[in-house]
Each structure stands twice: as structure tokens, then as C-alpha cells.
Amino acid sequence: MQEFDLLVVGGGPGGYVAAIRAAQRGLSVGLVEKEKAGGVCLNWGCIPTKAMLRSAEVYETVLHSADFGVHAENVALDFSAVARRKDGVVKNLTDGVAGLLKANGVTVIDGHARFTGSNTVDVHPNGESPLGEGGPRYAAEPAGGQAVERVTGRDVLIATGSVPARLPVPGADLPGVITSDGAFGLQEVPKRIAVVGGSAVGAEWASMFATFGSEVTVVEMAPSLVPIEDAEIGKALGRSMKKSGVRVLTESTVSSIEQADGQLRVHVDGSDAQQLDVDVVLMGVGRKPNTAALGLDATGVATDERGFVAVDDKLRTNVEHVYAIGDVTGKALLAHVASHQGVVAVDTIAGYETHIDYGVVPAATFTHPEIASVGLTEAGAKERGHDVVTSRFPFAALGRSKTTGDEEGFMKIVAGGKHGEILGVHVIGPSASDLITEGTLAISLEATLDELADTIHAHPTLGEIGMESAMSALGLPLHTAPPRRR
């Protein structure tokens, strides 16, 4: 039986970062992982989708290259090559993580973990398991009939992540009805696809397949796409997708799916009840904690009504010496949050003072145009009693956007009306996922509109939009007409 100072169960962006930090803090670390290091993010989520979205971006750029004076002929999409490139990117990064774990002295134990006590895990070797789409983490039970290794930790960190949820409607288990994981198994671009759910996951796949040439319909129950974002952002994305040929059905739900005439028939309820005949239905309706085969009952760890592991602000569970991080906690299902939680949990274990502020967590959705946000929406700020001032500055007014030809979208700043403190930053447009870092830092440092406006930004850059948006909020815009103050 192997014994460690810290036993990490799950090697995703939370688990592997925690393991590395723990080793840096001088702890002996064991990491149990049944797939490749990197978890959902590197293998089935963030990285592979962004690699494929990049292919979509290049494809669309080449199709419109004549606008830039470059004439390309016989442009064609090779979907199998897109998949191969994606696989190469994933392998490069997962191999890199494996190398980092080894270099830091982390002991990686391959297999499926099942708790037998609060600090004891039986590791079942990977083997013949009942697999669903997406790999071994879908197995209801670990492989049997093989030698089992018992591992213990003075402290234990649960970092098993989440898996896609399926809509509980008749026909959700039919062939051709897939989750985001199953989308990676497609051998060709579907001619017609219905995407159920217009949040980040569904919106990204819809954007990608529309660019690849699919006839795409998005069904979203909320009044707009990406409903957790500021309302103006969701509406802007909807308009953009419609211009790209995507059918967007908001305030609509799927009541059932059936096979009919060799295709899938999706019954949609809402103000415009209808049926969709498609080749593939992609479920992008959320995620659930990956604990089904973990034996969590043996730990005594408490979960909430949704099944997520309950933790405090230091990621401690109700059981002493047992911590949990990442998607399995249900706090914010984002890879960068999992990583930061991993650092906070390990530093707490090692005796260092640290914290995490869930009010300043950036989020990004890699549609075209991209979306990114941090802090409060306009509606959220008003609900909290803030006297709010907002501004919108368009990318089309930036010199850099003119030169690149990517002019769609805007930045919106939500600030306090009295002191100008920045409460939220919301972006839809080119490189939004990179630009949001300035907004995150501004809120973290309690910066004001004056401070952001007075910060010299390089020209010509997309980053100038932060300065320009702040100036607009102050009623002192240099490159647009004075905005309405609200």
C-alpha cells in the first residue's frame, strides 16, 4: 500500500495543478487518473474544441480572402485533417502535463479510483469497462478481475470533474443524439444538426458547425443565447449567428426526439412550436458531477441537492483532511477556476494563507465573434443596489479592427455611478478572451473608470477598447459620439 502526504483523485486542470503545487511545497504526492493527464479540459473540452474552432476560423478566413486581395481557389474542408490536427494538439499538451508531473516528483497511478474510507482509495486498473462516449470516465463500474492497489493520503483532494448531462426527454438516448464529448467522434460534418442549449458549450459547437457548412438550429429555453452573460451580449450573439445562417429558437424547449424516415425528428415547444428533421442532435444542456463510480459514500463527504461536493472557502469538505476542487464542487465549472482552487486547497494544507474570490472570475466563450466577461452584468449590478453607469464602445471604431477586417462587436463596461468603480466588463468581438484580462485585473484592484481611461494603451491595438470604453463611460469619448449615460 502506497502512502502519501497528499492523495489527489483526478488529473484534470485542478488535480494536476494541485499535485504540482503540493510537490513544490515539499509534500509527497500521489495522483490517481484513469485517462490521460489533463482531464476534460485537455482531452474533451477546452483544448480540442478550440483547436477545431481555429480550423473553422482559418477556413472562413480563406473563403473570404479575396476581401484582403488574396485569391484562393478550390478551397475545401478536410474534416478528418481537422480531427488529426486536434488530436496532435491534445497529445502535445497532455504529454507536456505528464512530463511536468514527473519532473516535480508526483507519483501518477493509472486506474479508476474508488474510495474505501475518507483517506483510502482502491485503484482498479483500466481494462475492459462498459464505456460510453467520451471514454472510461463514463464507466458505471471500474474494471473487475484484476489486481487492485490500495493508496492512502494524510490529506485527500477530490478533483474528478464533471460529465455532460443529458436532457431527460423521450428519445435522448437514440443513436445520433450526442453530447459535446460524442461530437468528437463524428466522422464527417453533419448536413443538419440541432444543438439543444445555447450556453457556452452549445454556442461554440453551433458556431463551429455553421462555419463548416452544417445547417444549424439552436434551441434555447432562455430569452437569449448565453443567458448567464449580460443581456446585450446574448442578443448580439443571436443577431450574429442569424446573419451566419444559424436558426436560433429562444424561449423554446425540446419535448421529445424520435427516429423518422432515417433521420431524427426533434419536437420543439415554445411560442413557435415546430419539429426539426436533422441528422444529429447535440445536447449542450449542462454538466453533472463525476462521482457515480467514486464510492463517495465511503468518505462521509456531504453533497448538495445536485450531487456536487460541498466545500468552504478553503475547499474543505465536512470531513477533516478531505478537500474538493473543480467542477465536482459546482462552484464555477471552468478550468481556470479548478486550477486556482487547486492552488488554494494545497496552500491551505501546507499552512499558507490564500483565498479565492468567485466574484472576479473571467469567463470566455469561443464563438465567432468571441465572448468574454468578468464581474457583474448591468442587471446584476442594479439588483445589488448599485447606482450604475454603462458604456458601449464598438470594435468598428478601432483602427486595429479596421486593418484586420474584424469589426463586429463591442465592449461594455458596468461601473458605479458615484465613484466610477468598475463592476463588470463584457466583450463580444475579436480576441475577447484575451482582452478580458484587463477587466479582471481592474476589478481585482478596485480600479475606477478614471484610472482605466488614464492608462496609456499601445496603438493600434484591440486592447485600446478598454481605454476607449472607460472614456465613453465618463462622457469623454475621443473616437465615437458621446454615448447615452444610464
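This is a predicted model: local features need pLDDT of at least 70, side-chain atom pairs count only at pLDDT 80 or more; totals for chains, interfaces and linings use all residues.

Colleague: Fine. So is the crossing of α3 and α6 left-handed or right-handed?
Modeller: α3 passes α6 in a left-handed crossing. Helix α3 covers residues 46-63, and its axis lies 9 Å from that of α6, at an angle of about 35 degrees.

Colleague: Which residues in α3 and α6 meet?
Modeller: From α3 you have Thr49, Lys50, Met52, Leu53, Ser55, Ala56, Tyr59 and Glu60. On the α6 side they meet Glu204, Trp205, Met208, Thr211 and Phe212. By class, that contact of α3 with α6 has seven nonpolar, three polar and three charged residues.

Colleague: And α1 with α8, which hand is that crossing?
Modeller: Right-handed. Helix α1 (residues 15-24) packs on helix α8 (residues 335-349) at about 35 degrees, with the axes 8 Å apart. Val17, Ala18, Arg21 and Ala22 in α1 touch Ser339, Gly342, Val343, Val346 and Asp347 in α8. Five of the contact residues are nonpolar, two polar and two charged.

Colleague: Switching to rings. How many aromatic pairs are there?
Modeller: The count comes to four aromatic pairs. One of them is Phe184 with Trp205, an edge-to-face pair at 5.2 Å centre to centre with 70 degrees between the planes.

Colleague: What does the pair of Phe184 and Trp205 tie together?
Modeller: Phe184 is in the loop between α5 (180-183) and β9 (192-196), while Trp205 is in helix α6 (residues 200-212), so the pair links parts that are 21 residues apart in sequence.

Colleague: Where do Arg25 and Arg392 sit relative to rings?
Modeller: Arg25 lies over the face of Tyr352, 3.6 Å from the ring centre. Arg392 has its charged end over the ring of Phe410, 3.9 Å from the centre.

Colleague: Last one: how many residues of α13 are buried?
Modeller: Ten of its ten residues, with helix α13 spanning residues 464-473. Among the buried ones are Glu464 and Glu468, along with Ile465 and Met467.

Definitions and conventions. Residues are numbered from 1 along each chain as its sequence is written. Side-chain values use heavy atoms; hydrogens and water are left out. Axes are lines fitted to C-alpha atoms, for helices over the stretch in contact, and angles run from 0 to 180 degrees between N-to-C directions. Helices (H or I, at least four residues) and strands (E, at least two) are DSSP runs, numbered from the N terminus. A crossing is left-handed if the near helix is turned anticlockwise from the far one by less than a right angle, and right-handed if clockwise. Contact means heavy atoms within 4.5 Å. Ala, Val, Leu, Ile, Met, Phe, Trp, Tyr, Cys and Pro count as nonpolar, Asp, Glu, Lys and Arg as charged, and the others, Gly among them, as polar. Rings of Phe, Tyr and Trp (its six-membered ring) pair if their centres lie within 6.5 Å; planes under 30 degrees apart count as stacked, over 60 as edge-to-face and the rest as tilted. A charge sits over a ring if NZ of Lys or CZ of Arg is within 6 Å of the ring centre and within 35 degrees of the ring normal. Buried means under 20% relative accessible area, exposed over 50%, partly exposed in between (1.4 Å probe, protein chains only).
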